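Here are my notes on the model and its ligand site. Please read them with the coordinates open.

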Amino acid sequence: MEQYEPLEIIGTGSFGLIRKVRRKTDGKILARKEIDYRRMNEKERNQLSAEFSILCELDHPNIVRYYGRHVDKINCMIYIIMEYCEGGDLSSIIKKCKKEGTFLSENTIWHFFTQILRALHECHYGYGKNKCGSNHSQQHITILHRDIKPDNVFLGSDNKLKLGDFGLSRKLNLDREFAQTYVGTPYYMSPELITESHYDVKSDIWSLGCLLYELCALQPPFQAKSQPVLAIKISAGTISPIPSRYSDELYNIIKAMLMVDPNQRPTTMELIKMLNPNKDTAYRE
Ligand SMILES: CN(C)CCCNS(=O)(=O)c1cccc(Nc2nc(OCC3CCCCC3)c3[nH]cnc3n2)c1
């Protein structure tokens, strides 16, 4: 018996669609990603199973919660059940500011940044939660999100930000090999991807820098009409100043994350310490 009542479609993507559903047992509203796996090639099927194994590891208040999955063999559909975020995505919030000619307050930007940073810290340095009973013990795993952008950050009903859509993420095994192929949003593509096409934790930091810049300026730091020109701007790494209403501290953190040399970019731990220099409990809830 289907335990979820389908409601309206929230949005569609390359994978299929995401729909609001109501759980019949307790009426809880959830989000369901619906994928027709007939249309998937081998690589996409592998990426999907990689996404599942990653979703099982992650359990954090600032990461979209994963409730489980169902395979409907008759209709060749795969369903991924996740937490529904009623506040919509950050890209909608940015669009609304642009339309109204308003800016986000510095407080709101720090509040948003701190939460996305905690989510990314969990991905980069968290311990697998093996919620799906996979064999490893509490072992350190590194998960690269690889597609951090305003469309993938949602506002939950607890008014907390949630990093979502690990559809392109990668689990790095212990020797931290580089994830080879890069996919994701060209705007937020890091310089090292343009040159050597290696992706690692510092590439997520670059994308986080682009996101923080866009929360301030309401537009990405690097823009161009064509990919080659965009690549040149990204490799040069020169950014226009953010609106003067924001503090130097905010601009300095953005500049640090947008250093062309990945080694000069801070890790999530260093960023957390910058945000809370005195307290050492910054990364705990
Ligand atoms: C780019 N957007 C403007 C698209 C319009 C759609 N509005 S919106 O701002 O995402 C929006 C509006 C209201 C509620 C929600 N809640 C929500 N959305 C998800 O995914 C959205 C989906 C992601 C892939 C691309 C298509 C959209 C969730 N995934 C897990 N929990 C989710 N909760 C989102």
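Predicted model: local features only at pLDDT ≥ 70, side-chain atom pairs only at ≥ 80, totals over all residues.

1. Nearest residues. The shell around the ligand has 15 residues. Those that come nearest are Ile 10, Glu 83, Cys 85, Asp 89 and Ser 92.

2. Side-chain contact. Ser 92 uses its side chain. One of its polar side-chain atoms lies 3.1 Å from an oxygen atom of the ligand.

3. Cover. On its own, the ligand has 660 Å² of accessible area. The protein covers 76% of that.

4. Where the shell comes from. Strand S1 (4–13) and strand S5 (77–83) are the elements that give two or more residues to the shell. S1 gives the most, with three residues.

5. Make-up of the shell. Eight of the shell residues are nonpolar. Four are polar and three are charged.

6. Thr 267. Where does Thr 267 sit? It is found in the loop between helix H7 (248–257) and helix H8 (268–275). Is Thr 267 buried or exposed? Its relative accessible area is 18%. Buried means under 20%, so Thr 267 counts as buried.

7. Contacts of Thr 267. Leaving out residues up to four places away in sequence, Thr 267 touches Tyr 125, Lys 202 and Ile 205.

Definitions and conventions:
Residues numbered from 1 in each chain as written. Heavy atoms only, no water. Near = heavy atom within 4 Å. Polar contact = N/O pair within 3.5 Å; in protein donor to acceptor, adjacent residues only side chain to side chain. Areas by Shrake-Rupley, 256 points an atom, 1.4 Å probe, with all protein chains shown as cover. Helix = DSSP H or I, 4+ residues; strand = E, 2+ residues; numbered from the N terminus. Nonpolar A, V, L, I, M, F, W, Y, C, P; charged D, E, K, R; others polar. Buried < 20%, exposed > 50% of the residue type's maximum accessible area, 1.4 Å probe, protein only. Contact = heavy atoms within 4.5 Å.
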